Amino acid sequence: MDPNLSNVDFRDFWHLAPAIVLSVWGLVVLLADLALAGRMSAPARRRAIGWLTLAGVALALLAAAGLMQVQQLAQAETQGTPGWLSPSLAEYFSRPGGSIFLGTLSADLQTGVLNVLFILMLGLVVWLSMAWSFTEDWGEYFALVTWATVGMMLLAASEELVTLFLTLETMTICLYLTTAFEKTRRRSAEGGLKYFVYGSVSSALFLFGLSLLYGLTGTTQFEAIRTALASTGGAGTGLSGNVAGATALLLMLVGFGFKIAAVPFHQWAPDAYEGAPAPVTALIATGSKLASFVALMKVFLHALQPWSHPSNELLGPGWLGVIAIVSAVTMTYGNFAALAQRNFKRMLAYSSIANAGYMLVGVAAASVSTRGAEAAGSVLFYLVVYAFANIGAFAVAAWLVRDKKTDDIDDLNGLGMQSPLLAVCILVLMLSLIGIPPFAGFFGKLYMFMEALNQQRAETRLTLMGLVALGLMNSVVSAFYYVRVLKAMFFREPGGSRRLGLAGRSIEIPIAIGALVAIFFGIFPGPLISVMQAAAVPMLTTSSGGFAATVSAPSGTGYAPLLPAKTAAPASPKSARPEPEQAKRYEARMKEAQAKASASASASPGAQPKNAPAAQPKNAPAKKAEAQEKDQ
Amino acid sequence: MASDIPLNWFLYFAAASFSIGLVGVLVRRNAIAVLMAIEIMLNAANVNLVAFWRYYGNPPPGAGPLPGVILALFVITVAAAEVAVGIGMILLCYRRWHAADVDRYDSMSG
């Protein structure tokens, strides 16, 4: 056995339980559709397979919640283990969270919480899909939507560039396909193709940036990249004069910017959102955005953190300036373009673009704040609140398409008189999206902008204050187009040739749940914000502690940035396997580098929080050292 | 061996090929030509990955001996899947517009 490689711990598969359940269930759904295809009509099959998919979603939810519960039980037991867990499993689960599968995926509070969220969103989208027949291929549709969610769950858990790319592509390709699923409308195919072309180009750009980052640091693991960039010499020279590094960073920003629909990478969003069937748009706007933001925060706030703002200038060499500019332009463009929209889904697309701008303010704040994890947690809170409100909004769009065949804002005329209860729920959703108290959207914006103002580096204060001011002004502008929806509902007479029928359970439930979430987390934002802030800590600081035995770290000489006169160090890959003694020296050097990196990181203000949850990552290197002693 | 062709040459080639692909995506009107240009871009990134793996010194312990190559293999697989999906979408659009010209796909506005 190669002494260089550690063994995979097969108990790590337990942490993948929800993803495995959903993947297998996608196949079950496909087979069920195949079996039922001859015997049932399409609408009946839609209901049957929809309920089958919901059964799978319930199983996956059980698995995710059960996993969190087992972890909590095993870690809370100070003596003795729960009787029904085998001893090795009990020992396995009692380790604190960390990375699994040799450091490629993380398994901690953050992944547990996000798994539950993604499965809930999938359930709502599947329920919404059962509202009307926009396609005949129900097995394929539900399977693709399920597998897209698997991609999202693993994307939010990835700790490494390879896994990031693979899961990003999994999620995105499934979403390309489902966008084009409505075969009776031309706009669906067009939206799908535009999404596909833009998406593939940005994936290629992202991959090129990824390859440059791999070349600069010699490793693909986020923690190791961070160590390499924070060290002195070689890759650790910061971004000044580092053309390759700046290129890598900008290209990766392009890739992520496409996924979150930031300007100027937003061109696909209006067409894809308008063309796709409403439940698919709901999944793109909520699940895909949430997963992409988590991945963006992991890469930029964890792996590329040393490059965020190393200098004292206002927009110095570092990605903070770029993100600030992108955020400002995105907010402004999204809000002003939404003012001109008459199509409901298109308006929601531009609102989605604008919300990405607000969230980037939170990301910028998290990079320089001394309370980095709290700021990242506030972004997560905002994402969750925004996601549930959006699912409700797209349920309204689904209702419009189902009954009236078009989804213009004018089609909502007179809804207030027709279904007053649902109209009030929609009112709540719109007010939450604007950010009016006491609904949850207000608290999302409050927390995020508070964190942006609550940091202590004087040179970035101006940038962040400007961003917050711009965000507040843009929120005022956004009120105009959301209120247009309310005006149509409550102050206009119903018109047009077709009337809106009864909503039916599949549409009422998502709208009602969205409104309930907006009200509940508006009155009690505390629990959710603390959960999100606790979840953000492992997201930003996951080291290899806990499950994996080693994390790969770059060797002593990092690769120098591209300079024309230099050639690379002569490579001898055949001698690339260090002997055990050399391996010990490697690990000693790596431990030293990590200790130095964490010491220097905690000395500088723009670093991780120093409060109690941060004690866990500090214990992790100690536990890892112990594991290494045991291995040797 | 490794010191024959300087690493920079591989990187310049990859960058040039990537730019050619990017220009192709922006300029070409036929949807399938756009797909080919996307493939060129993905393969340029692959060249980059393998070149960095080949010329980089010692891979870190615990990473295995072939990180760049394995990543390139995964990328090839993903690119193949993407092309399959893309061809399907282009077929869908062709059936509706009777043209594979991306400039004609403009039914949505605003």
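Is A:Lys405 buried or exposed, and how many other C-beta atoms lie within 10 Å? A:Lys405 is exposed, with 11 other C-beta atoms within 10 Å. The cut-offs are simple: a residue is buried if 20 or more other C-beta atoms lie within 10 Å of its own, exposed if 12 or fewer, and partly exposed in between, with C-beta atoms placed from the backbone.

This is a predicted model, where local features need pLDDT of at least 70, side-chain atom pairs count only at pLDDT 80 or more, and totals for chains, interfaces and linings use all residues. Residues are numbered from 1 along each chain as its sequence is written, while chains are lettered from A and ligands numbered from 1 in the order in which they are written.

**Positive phi**

A:Lys405 is not glycine, yet its phi is positive, near 70 degrees. This residue sits in the loop between helix H14 (372-404) and helix H15 (415-418) of chain A. Helices (H or I, at least four residues) are DSSP runs, numbered from the N terminus. B:His98 also has a positive phi, near 55 degrees. B:His98 follows helix H3 (67-97) of chain B. B:His98 is exposed, with 9 other C-beta atoms within 10 Å.

**A covered helix**

Helix H8 (residues 222-230) of chain A is mostly covered. Nine of its nine residues are buried. Among them are A:Phe222, A:Glu223 and A:Arg226.

Key:
Helices (H or I, at least four residues) and strands (E, at least two) are DSSP runs, numbered from the N terminus.
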